[in-house]
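Subject: Structure for you to look at

Hi,

Here is the structure I promised to pass on. Please open it and keep it beside you while you read my notes below.

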Amino acid sequence: MTREDKIRNEAAFWVDRMNRPVFDPADGAAFDRWMSSDADHREAFAAMAVAWEDGVPQLAEVEAQPFVAPETLRQQGLHGRDWVTAALSMAAVVVVAVGLGVVPRFLPHRYESGPGPGSAIALVDGSRIQLGGNSAVQVQYLPWRRSVELTRGEAAFDVTHDESRPFSVDAGAARVVVLGTAFHIDRLAGGAVGVQVSRGAVQVNVGARGDRLAAGQAARVSGNAIRRVAMQEEDRAWQSGWFVARNVPLSDVVEKLRRYSNKAIRLDDQAAADRLIIGRFKVSEPKTVLEAMKTSYGLHVVETDDHISISQ
Amino acid sequence: MRHAIVAYVVRKGHSRDAAEDVAQESLTKLLRYARQGRPASLYGLALKIAANSLIDLIRGETRFGAPVDDTFPCEAPLPDTVVADRQQLRLLSVALEHIPPLRRAVLVRRRVENQSHARIAAEMGLSVAAVEKHVVRGLCDLRKAMEDRGSRDRITS
């Protein structure tokens with residue numbers, strides 16, 4: 001082992017030690033001796049601390065990229081839910097036939113937004129949905145449950161607590177079950193779904209798996225996997241029209257652009273769709289972003305009368 | 001002590017001037033804390049204070065600068081930063097290949113999910129000592145990959 005390797009090892013050892021919630025006072029004294037004995041130790045520790053603080057989270061981001069949602073699983077999830085929705089609608093229709101005038105409000109209601117900043121929806125129980133651009137939700141309030149389906153795009157939810165009527169949101173294969181809380185769901189490319197919780201707690205379920213997210217936690221669901229990701233400041237300010245891409249596939253960035261673009265954006269080229277993108281983008285101005293893509297990533301962007309297509 | 005803080009702040013991507021300022025401020029605070037009772041580690045506390053000062057610095061809440069406007073007109077991404085980031089991404093991807101999957105999983109659980117050594121050990125069927133070893137070796141692997149990038153794109157301003 002070279003001297004450099006030895007110092008690097010020691011630095012990693014100390015970074016691990018110093019980042020524990022509790023450490024032995026004897027360790028503290030030993031760390032101080034190690035740090036004060038050599039300037040190279042201090043440099044190595046500084047570098048290792050940065051690898052720990054910034055490098056490891058990036059590593060986790062990179063790792064998540066090759067993941068592609070298995071299509072079959074998504075379809076199964078949809079089938080199941082379609083059946084339930086259909087059954088409930090049928091039940092509601094039967095009741096209407098009996099002649100109760102209040103029933104129609106139990107029927108699912110669809111809200112949709114065009115490209116742009118989106119719109120706010122106030123629900124009867126005081127809950128609020130902030131719908132993103134080019135997004136759609138279907139809301140069904142029943143006496144025993146409140147269910148929402150995010151069929152397209154993204155939305156933030158501020159849910160009024162009601163223990164007798166659980167509030168759940170379906171987004172593709174993922175189901176988010178809510179207590180009184182505020183959170184944001186984003187349907188990404190390839191069937192992936194992002195969930196960020198700003199207040200309270202939610203339970204995220206996909207297939208048989210589940211994970212409970214508390215305030216300040218975020219997860220990304222792809223296929224049948226739920227992966228924790230670090231919540232970023234920008235996630236809280238998603239309505240600003242900015243999107244910070246941290247090693248995300250181009251298809252996700254395009255998904256964001258579609259929320260604001262008046263023209264359809266086509267991304268038929270798989271190689272281009274998989275390109276990993278880093279940068280801070282004003283997605284509420286799709287033209288500017290596409291221009292930046294051209295110069296920074298060498299992508300071809302062709303605009304016709306009715307659509308924009310992107311390729312390698 | 002000053003050197004430890006300056007080295008850390010510079011590695012975090014800040015200018016030498018900012019690093020000197022953060023070091024000065026941190027040492028002043030450290031003296032105040034140390035008077036209340038000797039901490040387990042002076043260096044540990046000093047770096048913790050420096051990290052907090054850096055967060056304030058980024059938020060623009062200190063004397064170092066005015067608050068950052070939420071809507072500052074930054075036409076991101078700048079092509080040069082994109083190139084640097086892509087390079088970094090490639091290197092991290094390479095690093096990934098060199099870190100065994102188990103070790104990666106341990107490292108990510110510890111750092112990103114903030115799980116304790118004991119919990120990781122229990123859930124992954126490892127001993128606590130093995131978890132420790134994976135964290136230390138994983139960090140070394142990652143650090144090596146970051147070093148290979150060389151000093152050419154080290155941002156110091």
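Start in helix H6 (residues 250–258) of chain A, where Arg258(A) and Glu255(A) sit 3 residues apart, so about one helical turn separates them. This is a predicted model, so keep that in mind throughout. The two residues form a salt bridge, with the closest N and O atoms 3.2 Å apart. Are the partners buried or exposed? Arg258(A) is partly exposed, at a relative accessible area of 28%. Glu255(A) counts as buried, at 16% relative accessibility. Both residues also belong to a network of salt bridges.

**Other salt bridges**

How many salt bridges does a search of the whole structure find?

- Arg165(A) and Asp162(A) meet through their side chains, at 3.4 Å from N to O. Arg165(A) is buried, with a relative accessible area of 17%. Asp162(A) is partly exposed, with 26%.
- Lys287(A) and Glu303(A) also meet in a salt bridge, at 3.8 Å from N to O. This pair links distant parts of the chain, 16 residues apart. Lys287(A) is in helix H8 (residues 286–297) of chain A, and Glu303(A) is in strand S18 (residues 300–303) of chain A. Lys287(A) is exposed, with a relative accessible area of 57%. Glu303(A) counts as partly exposed, at 40% relative accessibility.

**Where the chains meet**

Now turn to the interface. How many residues does each chain bring to the contact? Chain B gives 47 residues and chain A gives 56 residues. The area buried between chain B and chain A is about 4,800 Å². Carbon and sulfur atoms give 65% of that area.

There are 4 salt bridges between chain B and chain A. One of them joins Glu53(A) to Lys12(B), with the closest N and O atoms 2.7 Å apart. Across the interface of chain B and chain A, 15 residue pairs are in polar contact, with both residues at pLDDT 80 or more.

Which helices of chain B each supply at least two residues to the side that touches chain A? They are helix H1 (2–11), helix H3 (42–59), helix H4 (79–98), helix H5 (101–111) and helix H7 (128–148). The largest share, 10 residues, comes from H7(B). The residues on this side of chain B divide into 26 nonpolar, 6 polar and 15 charged.

**A histidine in a helix**

Next, find His41(A). It is found in helix H3 (residues 39–64) of chain A. At 10% relative accessibility, His41(A) counts as buried, because the cut-off for buried is under 20%. What does His41(A) contact, leaving aside its neighbours within four places in sequence? The contacts are Ile7(A), Glu10(A), Trp34(A) and Met35(A). With Trp34(A) there is a polar detail too. The backbone oxygen of Trp34(A) lies 2.8 Å from a polar atom of the His41(A) side chain.

**A backbone angle to check**

Asn134(A) is in the loop between strand S3 (128–131) and strand S4 (136–142) of chain A. Asn134(A) is partly exposed, with a relative accessible area of 22%.

**How confident is the predictor?**

The mean pLDDT of chain A is 80, and 83% of its residues reach 70 or more. Where in chain A is confidence lowest, and where is it highest? It is lowest in helix H4 (residues 71–98) of chain A, at a mean of 42. It is highest in helix H1 (residues 3–18) of chain A, at 93.

Over residues 65–83 of chain A the pLDDT is below 50. The model gives this stretch 19 contacts beyond near neighbours in sequence. Over residues 90–104 of chain A, pLDDT stays under 50. There the model has 5 contacts beyond four places in sequence.

Best wishes

Note on methods
Residues are numbered from 1 along each chain as its sequence is written. Chains are lettered from A and ligands numbered from 1 in the order in which they are written. Side-chain values use heavy atoms; hydrogens and water are left out. Contact means heavy atoms within 4.5 Å. Buried area is the accessible area (1.4 Å probe) that two parts lose on being put together, summed over both. A polar contact is a pair of N or O atoms within 3.5 Å; within protein, one must be able to donate a hydrogen and the other to accept it, and residues adjacent in sequence count only if both atoms are side-chain atoms. Helices (H or I, at least four residues) and strands (E, at least two) are DSSP runs, numbered from the N terminus. Ala, Val, Leu, Ile, Met, Phe, Trp, Tyr, Cys and Pro count as nonpolar, Asp, Glu, Lys and Arg as charged, and the others, Gly among them, as polar. Buried means under 20% relative accessible area, exposed over 50%, partly exposed in between (1.4 Å probe, protein chains only). pLDDT is the predictor's confidence in each residue, from 0 to 100.
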